[in-house]
Amino acid sequence: MSVEGEAKSVKCLLCSRDAVSELCRYHLQGKESLETAYPHWVKAYGILGWKDYLDRVKRNVQTGQWAKETAEMLAGR
Amino acid sequence: MPGRTPRQAGYTLVVCEKPDVARRVSEALSDGSATGSTVDGTTVFRFVWGGEQLVVCSAQGHLYAVSDPFEERTVYPIFDLEWYPSDLVEAGAGAGRRVAAIRKLAEGASKFVNACDLDVEGETIGYNILRYACGGKEEEALRAKFSTLTKEDLVTAFREAASQGAQGMARAGRARHAIDFVWGINLSRALSQSALGSGRRFRTVSIGRVQGPSLNFLVEREREIRTFVPVPFWKLSGTFGRGGAKLVAEYSRERILTKSEAEEVKSECADREAIATKVAKITVLVPPPSPFNIGDLQREAYRAFGLLPVRTMQAAEKLYLDALISYPRTGSQRLPPSTGFARILRGLSGLPQYSVEANELLRGELRPAQGTGTDLAHPAIHPTGEKPRRAPQSAEASIFDLVVRRFLSTFGPPARREAVRVEISVGAHKFTLVAARTVFLGWLAYYRKYSGLKDLDAPRVEEGDRFKVAKVEASESFDQPQRRYNQATLLGRMESERIGTKATRADIISTLVERGYVEGQSMEVTDLGLAVIEIMKKYAPPIATTELTRKTEGELEAVEEDGIGDADLMRSTIRSMSEQLLGLIANEEEVGRELDRALTSSAGAQDFLGPCPVCKDGTLRVVRSVRTKKRFVGCSNYPSGCRASAPLPQRGTIKVAGNACAHCSWPMVHVMGGRRPWKLCVNPSCPSKARRRA
């Protein structure tokens, strides 16, 4: 039950931490890493769509947990 | 002991740090004639040495501890503190009877000798006993200084016992304890109270002066790892044939960034002729290592045996108390000639496993390799040359061998390794092969099993030799994330950042594990560990960073050196702690909410076992029966009809193994708490169990 006037914190879509926009700072950092790495993957393979990229990243064993969770969420959109 | 008089009214009371040291000191000075008796349950040795009546007693670590005068354990901030007998601070510390015994013995003493370990902790222990239990004798007591417990060193130490001077180490030690208490008690109570405020049961959430920055190192690395996205690249290797022989060489560029370029190189090299365009041979001299300080020993023991730093410290201390090695809590990587190299080697030559090497070294000049680490109180860790009276336990035996072999190797000549670098060209493309092997062992003869150096025989290739390209392979690779710290690498980071002391770093790392901030050998940070650092960074930023801690360490070092400035340091600590606490107190509710989330998440993570193999949709969790209070496995989809459940052992801690059973796909768990942890498939109908039953 929330008290009237009390600011209700928005939770991250992927965990119960407070969200900065829709994600917490950890998952946001994961999203940034995904966006930074994408051009390198495109360059490496020639043609690679965003969804295909996300699919490959989330299956990669080196991908960090928060980046993986974020990739999964973005792939589902 | 200068100034010794034939007989005074009272005896000389010698205060040692540990009972084993008291026994060793008594044996050494009395030629084994000292007899032990007990005073209030404390063993005491009495004998005559140099015409003087000596009574040797001992502490058992710290007999006094810093605390606050309040009964209520939730009060904070606290800046009012005093030294109390340890068992008034911590129940069961067992200091009370020992303090009473020393107090009684001090009444009949006319002279006092501090024979505690010669480092900050030992000085603090001795100072406090002489001050509080002996009635203010901390200034007039003499100091016996020794680095090994051999008879020779102990006799010299007592013969040369002298006035204690400014007692910088004791002052710095007392200041360190007081400062750490002020930090620890206030921050931990602020955090624990905040967590309590959110309606949870009490749980200690602590953060200390060195603990904060150390945990922050782990958290920063954890964030890098968990947000890491690898980038692909390709590695090329070529196989080249000549006659029946084959050579494998790596492409000159370690990483090819595009698949198309990797394919291009491959096709350009296919079926071509290759030429050895350069063959370079170089000889490298590998100098002997420097002797161990405690950090080096802890890291090497972790690398060689997987021993945790705290375990290495325990084993080294045991070896010191058995007079087999010198005092281990040293920062020195240097061995002065006064160490008595020849005497030690003669002693080691009496041990079958080292006799050949020790005798060989005794025939030459004894000049050890020296490192840059220094320590005013003790030399680098070295064997004493004494024979073990009993066979050391396994960890102790390993550490003893490591210390002896390291000591021997410091006297050896440099090892010589020959490396061959072959460059093979295929048109414009170049491949390289490097091989190295030891051609002269030098110091490696004593340390080979721990050196980690590997030999790879060089191929017989001359410049201009021609080969057929058998194949060129391109393998897809990915960047690797940074490795998590392990206990040894974290210790190294703490050393290089100059936080903590050689005596305390291993214990601080163990506390991080005990508090549930990190898990496993790879020290994976838990949600709670992440939350504690997040909170600190948000509301009391200096607590999580190294600057404030390092500044305090620098000031403590100055106190140690000059013996003054401790009161000023205490004042500035109280001032900065007050500032940090204000941030936490003002945001107590928010801090509590964040901790609550982390504590719930940590508990939740332990209860979550894995996906339900029955409904394929829910998750299996550890659930407690409301009626019987017993734990069992149940599915989160129970309300929707999934009846997957399984019994669990009622004793021990259940931890998720992280993999599914190979026979039935149900989750595997580790059950811990008995003699050794065991792994269990939670499915009672698992086919593997049916086979066992049959």
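This is a predicted model: local features need pLDDT of at least 70, side-chain atom pairs count only at pLDDT 80 or more; totals for chains, interfaces and linings use all residues.
**Exercise 1. The interface as a whole**

Task: Describe how many residues of each chain are in contact, what area chain A and chain B bury between them, and which three residues supply more of chain A's share than any other three.

Solution: Count the residues first: 24 from chain A are in contact with 23 from chain B. Next take the area, where the two chains bury about 2,100 Å² between them, with 54% of it on carbon and sulfur atoms. Of the area that chain A buries against chain B, 27% is supplied by Tyr45(A), Gln62(A) and Trp66(A).

**Exercise 2. A helix pair within chain B**

Task: Work out how α7(B) and α16(B) are oriented to each other, and which residues of the two helices meet.

Solution: Start from the geometry of helix α7 (residues 211–226) and helix α16 (residues 505–514) of chain B, which pack at an angle of about 65° with their axes 10 Å apart. Since angles of 65 to 115 degrees count as roughly perpendicular, α7(B) and α16(B) are therefore roughly perpendicular to each other. The crossing of α7(B) past α16(B) is right-handed. At the residue level, Gln211(B), Ser214(B), Leu215(B) and Leu218(B) of α7(B) meet Ile508(B), Thr511(B) and Leu512(B) of α16(B). Sorted by class, this contact has four nonpolar residues, three polar residues and no charged ones.

Conventions: Residues are numbered from 1 along each chain as its sequence is written. Chains are lettered from A and ligands numbered from 1 in the order in which they are written. Side-chain values use heavy atoms; hydrogens and water are left out. Axes are lines fitted to C-alpha atoms, for helices over the stretch in contact, and angles run from 0 to 180 degrees between N-to-C directions. Helices (H or I, at least four residues) and strands (E, at least two) are DSSP runs, numbered from the N terminus. Angles under 35 degrees count as roughly parallel, over 145 as roughly antiparallel, 65 to 115 as roughly perpendicular and the rest as oblique. A crossing is left-handed if the near helix is turned anticlockwise from the far one by less than a right angle, and right-handed if clockwise. Contact means heavy atoms within 4.5 Å. Ala, Val, Leu, Ile, Met, Phe, Trp, Tyr, Cys and Pro count as nonpolar, Asp, Glu, Lys and Arg as charged, and the others, Gly among them, as polar. Buried area is the accessible area (1.4 Å probe) that two parts lose on being put together, summed over both.
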